[in-house]
Amino acid sequence: MTQNPSNTISPGGILNETQWNAVTRALSGLDHTQLTWVSGYAAGLAAGQGAAAMPVAGADGAASSSSTLTVLYGSQTGNAKELATQFQAKAEEAGITSKLVSMADYKPRQLKNETHVVVFVSTHGEGDAPDDAIEFHEFLGGKKAPKLSSLKYAVLGLGDSSYEFFCQTGKDIDSRLSALGASSVVGRADCDVDYESQAGQWSESVINAVKDDFADGSTGAVAVQTGAAIPQAGAQTYSKKAPFKATLLESQKITGRDSVKDIRHIEISLEDSGITYQPGDALGVWFKNAPALVNKFIEQLSLDGEAEVTVADEVMSLRDALTNKLELTLSYPAFLKAYQAATQSETLAELMADKATLRTYLAERQLIDVVVDHPGSITEQQLVDACRPLTPRLYSIASSQAEVDDEVHLTVAHVDYEAFGYRHQGGASGYVCEHLEEGGEVEVYVESNNNFRLPEDPNTPVIMVGPGTGIAPFRAFMQERESQDAEGKNWLFFGNPHFTQDFLYQVEWQSYVKSGILNNITLAFSRDQQDKIYVQHRLTEHGKEVFDWLEQGAHFYVCGDAMHMAKDVEQALLTLIAEHGNKSEEEAKQYLVGLRKAKRYQKDVY
C-alpha cells in the first residue's frame, strides 16, 4: 500500500505513519541516558539545517526555563574535547541542563548571554591556542569583548610542563574572563600530561559548586549545538586506558645511508581488533624505556633495581617502574624541583634560580643528564615520586584503510644521537625503531583528529605542506583520494635536507604524479644548494598559483614542526594572500581567519 504523506499521526501532525513507525522502532529499548543523547543529537541536526533551536524538554514535557551550563572546548589532539565530553555527562547525571560546543563553532559574542560557562582548552607550541580556539582566544583579548558581570565560569587548561608556556591558553582565558567581570566558581586547573586524576577531581568540584544554581530545574535533554562532540556509531573499543596489543609487522629505514636523519616506515597489524581510523587521525603508542637507560639511572644513583616501590598505589620493583611506568626521556621542571629537594644539590639549586639558563639547559638534556651533572643521594621511592607517569606518544597515521585494510602505517623519526659522552634515544621512537622486534607486541589506540580531515567533497582541490615526517598524513590522504577516484586536484609541498638521501616515499609520489592523481609536487631540499631553501620559500615562489587554488576553494593543510616551520608557512601564506589577492595585511589576516573557520586551513603540528 502506498503511504499518503499527508496522513500524519505523530503529535503535532509532523510525521507520517511510516516515519513515526521508524522513529519508534529506532528508540525502542534505549535507556534514559541514551534517549537523552538522541534528543540532543536531533537538536544539533535541526540547528545544522537552520531550524530554530529546540527547547529542552523537562520531565513533564514542558520546556525548562532554568539556566544552561555551556561547556566549551578547544582541543588540538582531542584530549580537551574528551574531558569536556566526560564533564558534560557528569553534569547531566547531576541534573544540570548543558550544551557542549567546540570553540570553533561558538560565537564569542554569545558570552554576554551566558550564565555558566566551563572551559576545557589545551596549549601547544610556544603558548599557542589550539586551532579551534584561536578566534575565541583573540576575541577575549580584544576591544570588543563584553562585560561579563553575570557570568560564572571555570577553566581547565591542558599542557606539558616541559614547555616554557605551560597551560598558557587556559591562563589567558581565565585572566580575561576575570578582568571582564566574570566570577570563577572554582580555581583554574593547570593539568600536565598525566591529567586524568586532577581533571576528574576538578570536574566534581565544579559540578558541586554550580548544582545549586540548577536545583529548581528538571533534568533535561542535553542541547547539542553544531560542532559538539557527537559519539559515532561503532566507536572504538580500545582507548588510551585500554589499548590494543598490536603486532609490529615491519620497521624499515627510508632515508639513505648517508642521511643525517634515521626515518622509519613502520607497519603495524590491527588484525582482529575491529579498530577503524580515518586519514588525519593519529596512533597513540605506548612504549617501554630502554634497558640501557634504566640501568644507567640505577647505577648512577647507586640504587637497588629490585627494591619495592609504589606507583599509583601499585607495588613493583624499581626496575619495572623505570621501564614501564615513568617518563625518563623528556625533561620537565617538576623533576628538577623534586630531585633537588631530595639530594639538596647546591649546583642544581643555582641553575634553577636562573630561569633563562634553566630553559636552555633542559632543552638540550634528558633526565639522565640532570642526574649525571648533579649527582646526589636519593632513595628508590624518592626517585619514583620525582618522575611523572609515562604517557604514550602520538604519531600521525600514514595510511588509509581503503588501501591497507587492517594495518596502520607510521612515519617515525628515530631520535638517536651522541651527547655528553654517551648515547641518547627518544623514548617511543627508540622503542619502535630498535628495541621492538618484528612480530613483537606494541600497545596502541587511535586518537581521532576531526581538525585534520579531507574535504567531504572529493572534487575539492587540496594543498598539502609536509616537510620531513610531516609527510605522513598526506600519504594517507593520497591513498584515500585514489580509492575515492577523487577528481579534486592535489598539490604537495615537501622538504628535507637532501634529494638523494631524504626524499621519503619517493617512488610512491612519482607514481601518483605519473597516474595524474598528484597534479603538482614542489620540493625543497634545503642543503642541496648554497642557500637553504624550505617549503615556505617554495610557497612564496608559487604564490600566485597557490592563491588561485585557494580562490577555487582549495583546502590548505600543514603538518610537522610547530615551533618554526608551521609559523613560517603561515607567514608565507599571509604574504602571498596579500600580494596576489591585492589585500592589506589586516585583510589577509581576515582571509586566513575565514579559511580557518570554514575548515579549509588545518594544521597537524607538534
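Start by selecting D548 and K544. Both sit in helix 20 (residues 543-551), 4 residues apart, about one turn of the helix. Helices here are DSSP runs of H or I of at least four residues, strands are runs of E of at least two, and both are numbered from the N terminus. The term means a side-chain nitrogen of Lys or Arg within 4 Å of a carboxyl oxygen of Asp or Glu. Next, select D131, E570, R596 and K603: salt bridges that share partners join these residues into one network.

A word on the model itself. It is predicted, with local features needing pLDDT of at least 70 and side-chain atom pairs counting only at pLDDT 80 or more, while totals for chains, interfaces and linings use all residues. Residues are numbered from 1 along each chain as its sequence is written, and side-chain values use heavy atoms, leaving out hydrogens and water.

Go back to D548 and color by accessibility. D548 counts as partly exposed because its relative accessibility is 29%. The classes are buried (under 20% relative accessible area), exposed (over 50%) and partly exposed (in between), using a 1.4 Å probe and protein chains only.

Now select K99 and E114. Their side chains form a salt bridge at 3.8 Å, N to O. This pair links distant parts of the chain, 15 residues apart: K99 is in strand 2 (residues 98-102), and E114 is in the loop between strand 2 and strand 3 (116-122). Both K99 and E114 are buried.

Move to D262 and R264. The closest N and O atoms of this salt bridge are 2.7 Å apart. Are the two partners buried or exposed? D262 counts as buried because its relative accessibility is 17%. R264 is at 14%, so R264 counts as buried too. Across the structure there are 26 salt bridges.

Select helix 3 (residues 79-93). Its 15 residues reach 21 Å from first C-alpha to last, close to the 21 Å expected at 1.5 Å a residue. The expected span is 1.5 Å times one less than the number of residues. Show the buried side of the list: N79, A80, L83, A84, F87, Q88, A91 and E92. Just after helix 3, stop at G95, where phi is positive, about 80 degrees.

Last, the cysteines. How many disulfides are there? The count is 0, taking a disulfide as a pair of cysteine sulfur atoms within 2.5 Å. Select C433: at 7% relative accessibility, C433 is buried. End on C559, buried at 0%.
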